[in-house]
Amino acid sequence: MTLNTDQLAILDTHANAGDRIAYYKALASFGDNYGNLALGVTLNNSVSGAAANKYFLDTASDEGQIVPDDELARVSLELMLADNLVRQANFGIATIDQIQDYHRQVFEDVAGVSANGWTPDYFLQSFDNLADRQPAWDSLVSSEPGRTYTHQKSVQPEKRISNIVGGLPTVVFLATLFWSAAAIAGSPSPGISPAPDPCTFFSPNEEHVDFFINMRLEQKKVAVSVPKVFLEDRWDHVNGASHNSQLFRVTLDTFEPVSRVQASLQNRNGNHNRMTFVVGDRVDHEALASIVLRRADPGTGDVGFGNYELVSSEYNLSQAVLVGTDPQRNVYFALGENGAPDTVVSCGIAGKVPFPGCDQYFRAFGMDIKVNYRAYAFQNWQKVQDDITSFLSCAVEASKSKDI
Amino acid sequence: MCALFHGEEEMVTHVLYMHQENVRHELRIPTVYFEDAWDRVDGAEHDAQLFSVMIDDFTPVYRRHTATLKKAGRHDYMTFLLQDYVGNERLTEIVLSTATGGKSREISEALRQDADFDLVALRAKEGIEQNKDVYISEDAAGDIRTVFLCSQMGDVKSPGCSQYFRSHAIDIKVNYRRVFLAQWKGFEIDVDSFLACALNFE
């Protein structure tokens, strides 16, 4: 919401006087509920405010910083000044990103505390998109003294608060570092060598996350239990959550998890020994085949899978004979007994794109899978499919032993 | 700055809506720059967008990384925010006011002093306390191109600077530790290059 000139002048007066309570009360009275949240933090008299202060001090302690009371008061003062600056320069609006930005800045400037110290990050990061994040934020900032958060998606509010107050991030990062050392050391592997076991991590000693794949088109849910080491982000660590899709990134040869940071570092080393796969819900394979063909064979209209001639190709696949004049991708199928495409593979064409890759679609254990890898691994498409199927088999079996 | 824009990196397309100017910019950015799920949603419209990167190679820095870097005594990372704010003249007045508790606002009334790194320091008149430093950089025509608000050395634990400028018709705010102020021109070039890659895609 925008504020008018008079309202901005009132905020400016309070900010310049160093009167945090008057500033945030005025902000709230103008209809911006962020004033309520910040007032609760300033007065330490709301659940969210007290949690924010405790979390900030816990983070500081974790990072070896002592924040005496006068410094905490300075943090609070500088946050108000920063908020006022943003609003004066932005017609009264302070977006979530702007608020996050100045918190990071003030925490670091005044107290030497990292970006980990801002509580709402650990609440908001569990939301998948802006449509979920905004009401969560609105609910958060509407928490009046004595009230607690009310917005929930898939996790109970009590659990969110306990997540907020907990001090896990450093541990998570250290775990990521250990990951990195193992995965980055791997060198490019032109083929897929020795038999990997995608179920290696499904041991009782590994921490698992139990969740559901929500198959929206089919209106069902598939329960899975996946070793936490495959799930990089905190929002994926929530037991009992439902996901419309779930992304995994693993090495091609050993089926070990690869984080985003590792993937970037691998790229720099010319290492592309990995694949990503998304488990979710898609249209049936005949419709999917037509969509893939339309992308591969532009300008030909909606010819449809059934109207394409298929010829025998390498690696036990059939290849579609494209009819257009400007083919963009090669499209292959593994056909079932009834002639329907059980597997669809679409690969970029060398020379058309700098780094051709392949998208492979198949179905396993009632879930639809899309996997992506560099084209050099295409010859191992069956192995890729078998490995992922084994992985999902273990994930489904593991969930059956639990009541989720 | 554009190393991660190439190859097989996953990319996400955002729309940055600048409400004051009522314009939209479409940006295509490697997903690895975003640590939050909502930022990885294709086609989402944002009214501001925050990035955190290492100063030397522009690789992304996640929140959890900042704690580890700090423990290692490293501060060579920065954040930059794409947003929409008032013009630089008005912004300078706001920054001056922030630095002086509202006691000095007019640019014309501030004392100008040449400062390090080709910057001009704006000082409040004698008798007015100023607890933050304000700098500007002007172009040949005398228009303010870049505005700085810096914590003073010794005043806080880890003094930092905010640097405001405009690149590719987008308002930018960069934050970093003050010890890196000497590199301010490089930061503008880097962010400009990054945005060029994000904006100019096929």
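How many residues of chain A are in contact with how many residues of chain B? In this predicted model, 44 residues of chain A are in contact with 42 residues of chain B.

## The side of chain A that touches chain B

Six helices of chain A each supply at least two residues of the side that touches chain B, namely H1 (5-16), H5 (69-88), H6 (96-111), H8 (130-141), H10 (169-184) and H11 (260-268). The largest share of this side, ten residues, comes from H6(A).

By residue class, the side of chain A that touches chain B divides into 14 nonpolar, 18 polar and twelve charged residues.

## Confidence in chain A

Chain A averages a pLDDT of 80, and 84% of the residues score at least 70. Over residues 144-195 of chain A, however, the pLDDT is below 50, although this stretch has 88 contacts in the model beyond near neighbours in sequence. Helix H10 of chain A, given as residues 169-184, is one of the helices that supply residues to the side touching chain B, and the reader may wish to set its numbering beside that of the stretch 144-195, where the pLDDT is below 50.

Chain A holds an open sheet of three strands in the order S2-S1-S3, with mixed pairing. Its edge strands are S2 (220-227) and S3 (242-243) of chain A, each of which pairs on one side only. Strand S1 of chain A, residues 208-215, runs antiparallel to S2(A) and is joined to S2(A) by eight bridges; within this pairing, Phe211(A) has Val224(A) in S2(A) as its bridge partner.

Helix H13 of chain A, residues 381-400, packs on the sheet and touches S1 and S2 of chain A, with a direction that makes about 95° with that of S2(A).

## Strand S10 of chain B and its two partners

Strand S10 of chain B, residues 160-167, is mostly covered, since six of its eight residues are buried. With strand S9 (residues 144-151) of chain B, S10(B) pairs in the antiparallel sense over four bridges, and with strand S11 (residues 170-177) of chain B S10(B) pairs, also in the antiparallel sense, over eight bridges.

Tyr164(B) in S10(B) can be followed across both pairings: Val147(B) stands opposite Tyr164(B), and Tyr164(B) in turn stands opposite Lys173(B) in S11(B). The hairpin of S10(B) and S11(B) has two residues between the strands, and in this hairpin His168(B) takes a positive phi near 55°.

Conventions: Residues are numbered from 1 along each chain as its sequence is written. Chains are lettered from A and ligands numbered from 1 in the order in which they are written. This is a predicted model: local features need pLDDT of at least 70, side-chain atom pairs count only at pLDDT 80 or more; totals for chains, interfaces and linings use all residues. Two residues are in contact if their C-beta atoms, placed from the backbone, lie within 7 Å. Ala, Val, Leu, Ile, Met, Phe, Trp, Tyr, Cys and Pro count as nonpolar, Asp, Glu, Lys and Arg as charged, and the others, Gly among them, as polar. pLDDT is the predictor's confidence in each residue, from 0 to 100. A residue is buried if 20 or more other C-beta atoms lie within 10 Å of its own, exposed if 12 or fewer, and partly exposed in between; C-beta atoms are placed from the backbone. Two strands pair if DSSP finds at least two bridges between them. Axes are lines fitted to C-alpha atoms, for helices over the stretch in contact, and angles run from 0 to 180 degrees between N-to-C directions.
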